[in-house]
Amino acid sequence: MDKKESMLVDVSKRLEEIPVALRAPSISSSGRTEGLAGLSVVPDSEVSGKTVRHRLTAEYKRRILREAGACKEQGRVGALLRREGLYSSNLITWQRQAERGTLEALSPKKRGPKEMIG
């Protein structure tokens, strides 16, 4: 038996000596899982260093607007939004922009100096 296993056995023996009324309850609804000898194991909650921002292209937005327009049955638009991870406010904003013709303005632009014509 290696050192880690002997430590776990030692801890589990000590836990058995503690009266049940004094032990911390294990809470499964909070994401904790029951470990060795009643120990609660909490999953790693480390936040990643950098978040990734979604960049939605104008073509993607047009496709979603077409799909939403084709939804005739009740609940289909909601299913589309859930599948794509979007909010209904996104759809409303994109519809208004399409009506005004500003959806083209949302397409990615080439950065840097502009090309000279002439």
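A search of the whole structure finds 1 aromatic pair. The rings of tyrosine 60 and tryptophan 94 have centres 6.5 Å apart and planes at 80°, so the pair is edge-to-face. For such pairs, rings of Phe, Tyr and Trp (its six-membered ring) must have their centres within 6.5 Å; planes under 30 degrees apart count as stacked, over 60 as edge-to-face and the rest as tilted. The pair links distant parts of the chain, since tyrosine 60 belongs to helix H2 and tryptophan 94, 34 residues away, to helix H4 (residues 88–100). Both tyrosine 60 and tryptophan 94 are buried, where buried means under 20% relative accessible area, exposed over 50%, and partly exposed in between (1.4 Å probe, protein chains only).

The model is predicted: local features need pLDDT of at least 70 and side-chain atom pairs count only at pLDDT 80 or more, while totals for chains, interfaces and linings use all residues. Residues are numbered from 1 along each chain as its sequence is written, and side-chain values use heavy atoms, with hydrogens and water left out.

The protein chain as a whole contains 4 helices and 2 strands, and along the sequence these follow the pattern α-β-β-α-α-α. Helices (H or I, at least four residues) and strands (E, at least two) are DSSP runs, numbered from the N terminus. Of the 118 residues in the protein chain, 13% are buried. The chain exposes about 10,600 Å², of which carbon and sulfur atoms supply 55%; this area comes from the Shrake-Rupley method with a 1.4 Å probe, and for residues only the protein chains shown count as cover. Among contacts (heavy atoms within 4.5 Å) with a separation of 6 or more, residues 24 or more positions apart account for 39%.

How does helix H2 lie against helix H4? Their axes come within 10 Å and cross at roughly 105°. That makes H2 roughly perpendicular to H4. The contact is made by Tyr60, Lys61, Ile64, Leu65 and Ala68 of H2 and by Leu91, Trp94, Gln95 and Ala98 of H4. These residues divide into 7 nonpolar, 1 polar and 1 charged. Axes are lines fitted to C-alpha atoms, for helices over the stretch in contact, and angles run from 0 to 180 degrees between N-to-C directions. Angles under 35 degrees count as roughly parallel, over 145 as roughly antiparallel, 65 to 115 as roughly perpendicular and the rest as oblique.

Leucine 91 lies in helix H4 and, at 8% relative accessibility, counts as buried. Leaving aside residues up to four places away in sequence, leucine 91 touches Ile64, Leu65, Ala68, Val77 and Leu81. The C-alpha atoms of leucine 91 and leucine 81, 10 residues apart along the chain, are separated by 8.6 Å.

Helix H2 (residues 58–70) also meets helix H3 (residues 76–84); their axes come within 10 Å and cross at roughly 150°. That makes H2 roughly antiparallel to H3. Here Tyr60, Arg63, Ile64, Glu67 and Ala68 in H2 meet Val77, Leu80, Arg83 and Glu84 in H3. The residues of this contact comprise 5 nonpolar, no polar and 4 charged; Ala, Val, Leu, Ile, Met, Phe, Trp, Tyr, Cys and Pro count as nonpolar, Asp, Glu, Lys and Arg as charged, and the others, Gly among them, as polar.

Glutamate 67, found in helix H2, counts as partly exposed at 25% relative accessibility. Glutamate 67 touches Leu80 and Arg83, not counting residues up to four places away in sequence. Between glutamate 67 and valine 77, 10 residues apart in sequence, the C-alpha to C-alpha distance is 8.3 Å.
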